[in-house]
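Please read it alongside the structure shown below.

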Amino acid sequence: MLRRAGPSLRHFLLERKSSAGYRSYSSEAKMSRPVQAQRLEGTDKNIWVEFVKLAATYSTVNLGQGFPDFPPPDFLKEAFVRALSGENHMLHQYTRAFGHPPLVKILAQFFGKLLGRDLDPMTNVMVTVGAYQALFCCFQAFVEEGDEVIIIEPFFDCYEPMVKMAGGTPVFVPLRPKAPKDGKLMSSADWQLDPAELASKFSERTKAIVLNSPNNPLGKVFSRGELELIADLCVKHDVLCISDEVYEWLVYDGKEHIRIASLRGMWDRTVIIGSAGKTFSATGWKVGWTVGPNRLLQHLRTVHQNSVYHCATVAQEAVAQGFQRELEFYGKPDSYFVQLPKELQRKRDWLVQSLDAVGIKPIVPEGTYFLVADISKFKSDVPDVPDSDEPYDSRFAKWMVKNKGLAAIPLSAFYSGAHKNNYNHFIRFCFAKEEATLKAANEILQKWKQEKNTPPITTAAGGVAGERGRKMADGGATKRPKGVRVEERKVNWRRWKQERKAEKKKWKEMKLLKKLEKQRMRELAEKQAEKQEKQKEDKGRHYTLSVALPGSILNNAQSLELRTYLAGQIARACAIFCVDEIVVFDEHGEDVKTVEGDFEGIGRKGKACVQLARILQYLECPQYLRKSFFPKHEDLQFAGLLNPLDSPHHMRVDEESQYREGIVLDRPTKPGRGSFVNCGMKKEVQIDRQLNAGLRVTVRLEEPQKPESKVRKGTVVSSHHPRTVSGLYWGYSVRLASCLSAVFSECPFKEGYDLSIGTSERGSSVDQATLPSFRHALVVFGGLEGLEAGVDVDPNLEVTDPSVLFDFYLNTCPSQGSRTIRTEEALLISLSALRPHIDEAVKTPSDG
């Protein structure tokens, strides 16, 4: 049985005779002490709260707040759906507090590639609830009472209150505009820091500087020179850099976003902040991140774990898949990071043209979603109010959204209180919108311009009426005086329509001209690129020079030391005259094609071909690689005493070059991360391909290289790439041939040797020779018994006269003073005599 509820305590007290006293006590119980924390002083106002409400109430077209009104890419939405509806139910639960493991891993891999350093996903990356929380963590972690933080104006509006809430003091330094030349539209690049003014803001109290590049609201992309100025001051004064790079992929006109953390001395003092919202056009997901050294991020993790603690797992999973996809397509046309800036640049150009056509002068941005425009010519629509506390651009923006239905943000919102009136004739538009939104904005602007140009309409009372129900600057409408009848004079609407039609035609013509100009510039750029590529190729050497000689020439030497010395003379001669291939052929039927095997002494049975080839290979190999490719061998015991070839590919440890020879190291790497190569430098080189350990490779080093990187970055190229592209002599290859005919038949070039020269004292004088143009030339030398000996023992030749084998049969040293010339001497003499003839044969028209 349920008990009946009795009267409430409140009812009982009110019924008491002393109820009046209770009510008196209740009113006196209200708190009189202040509840607001002092750190919130002056931070209660927010531009977005006010203008978002205005846009929602009045706006037809919202170009104010910075978000796209088009969807994220399909691959990202699909990733989100998979994460949300897939079988992995753990994606609906908490994940790692400092970042979902798949996301921090791919971010470390992606930004490690961009920064040229190995990043630890667990210590060098932290995921936050958007870039906004990343900024909050930075200021709370680093700034305390008495610290100063330098902020570059104009700035994203949250920087100042966040610094103040942390107890710091904001110190402002402005970007100052410089008037463009030749009447061109101003660019965001025209807004620059004064180096002396910037330097004056640094002091012993300076804890950090906030850098926002590309900059919101201006769209300025800081140049390398400007970043180096900031970096030098940070290093000099031991100051942190909080680098807000949320618009890093949104740069236009071929501009380059340079990460300040990549500059000398800056990695250890920089926190990079990024945003998936801006990167993937999904601002509502609120996924951001910080990248930096562990010594800084460990303090951000402390703030994060004691405030937000955790970010949405599903959104992190989808963003991780998005980055994985972008890593695969990085730098390719299908990459969203390539496609999005191209699309936004078109939208930017559309809005620039729309604004300029009506007299609102845009400042052409180099990056971001935003465009700042000068409204000075429209001040007549909204008269200034002397001594007003509200900046003019703020009142103008409010009037515009109420009366024209077009929302924008006043530039003064991005300045400190003391400087709000310095640049109060600018407003900011967002062009990251659908084409329909931008067209609607253009229609509003065109109509506005037409209203300004339409003649005023005279009333019967002698007054003048502008647009129907012209509104005052404060947003109110004029009232018709009671009892006064307004008789409107007829407007020449036919003329007005003709003018409107002419304007539209002019607009279309301008659009077509701009399209044609873009096409012309694109074609010009393509032709220029082709020309540069051709010029680059023209620097290369596209022909090869091969030399063939018998290994039996070593048999003339009576000791291993002399054999080694003779081989060294041959190698030196070939390097001096840029020989690309040395063929050692057999005159005595040894039939060997490899240098592998044991030492068998000297003399005819000592395999002279093998020994000569081995020593030639040893000398061609850069010194730092010889231990890897040439184990101890009797044939090489005196090779270390020979004079070095000192060819271009024989680099010193600190010598800078575009190319290097190296050996692939036996070190495990992650899939897709390539291999590590020892190129004889202080740092190893990470190449773009996964190759087997122990392989010799030619590496083209990437530029620019970052001094603080643990490794260098490079690309594997073919061994002839330095010759054909850069015109560098890059050593020779060594080939063994079992007989003279095998020199020709086993040619490594698909088209064979198109110029062959035999050398003999029985040949015609080299002075009378005129060589034809060629791609691959071969010069053949005989041994003690001349080329005839090689012809006699070759089972594949049925000729007795060696001259029939060659295009030219030349005596390269006519009227010689000695009855005999040794082969190693003949090599040097012949190549010297042939050189001018070869140069003439390969001369291009541009050389003439």
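**Cavities, barrel and aromatic contacts**

Strand 7 (residues 206-212) gives the most to the lining of the largest cavity, contributing three residues. The model is predicted. Cavities of 30 Å³ or more number two, and 39 aromatic pairs are counted.

**Largest cavity**
- The volume of the largest cavity is about 40 Å³.
- Its lining consists of Ile-152, Phe-155, Tyr-159, Val-210, Leu-211, Asn-212, Asn-215 and Phe-222.
- By class, six lining residues are nonpolar and two are polar, with no charged residues.

**Barrel**
- Five strands form a closed barrel in the order 20-21-22-24-23, with mixed pairing.
- Strand 20 (residues 659-664) and strand 21 (residues 676-678) run antiparallel and are joined by two bridges.
- Ile-663 stands opposite Asn-678 in strand 21.

**Aromatic pairs**
- The count of aromatic pairs comes to 39.
- The ring centres of Tyr-247 and Phe-370 are 5.9 Å apart and the planes stand at 80 degrees, so this pair is edge-to-face.
- Tyr-247 lies in the loop between strand 8 (240-244) and strand 9 (270-275), and Phe-370 in strand 12 (residues 370-374), so the pair ties together parts 123 residues apart in sequence.
- Tyr-247 is buried at 3% relative accessibility, and Phe-370 is buried at 1%.
- The rings of Phe-396 and Trp-399 have centres 6.2 Å apart and planes at 45 degrees, so the pair is tilted.
- Phe-396 and Trp-399 are three residues apart in helix 14 (residues 392-403), about one helical turn.

**Charges over rings**
- The charged end of Arg-259 sits over the ring of Trp-249, 5.6 Å from its centre.
- Arg-325 lies over the face of Phe-75, 4.2 Å from the ring centre.
- Trp-249 and Phe-75 belong to a cluster linked by ring pairs, which also includes Phe-110 and Tyr-330.

Conventions. Residues numbered from 1 in each chain as written. Predicted model: local features only at pLDDT ≥ 70, side-chain atom pairs only at ≥ 80, totals over all residues. Heavy atoms only, no water. 1 Å grid on protein atoms, 1.4 Å probe; cavity = no way out; pocket = protein on both sides within 12 Å on 5 of 7 lines; lining within 4 Å. Points joined across faces, edges and corners; volume = space filled by probe spheres on them. Helix = DSSP H or I, 4+ residues; strand = E, 2+ residues; numbered from the N terminus. Nonpolar A, V, L, I, M, F, W, Y, C, P; charged D, E, K, R; others polar. Pairing = 2+ DSSP bridges. Phe/Tyr/Trp six-rings, centres within 6.5 Å; stacked < 30°, edge-to-face > 60°. Buried < 20%, exposed > 50% of the residue type's maximum accessible area, 1.4 Å probe, protein only. Lys NZ or Arg CZ within 6 Å of the ring centre and 35° of its normal.
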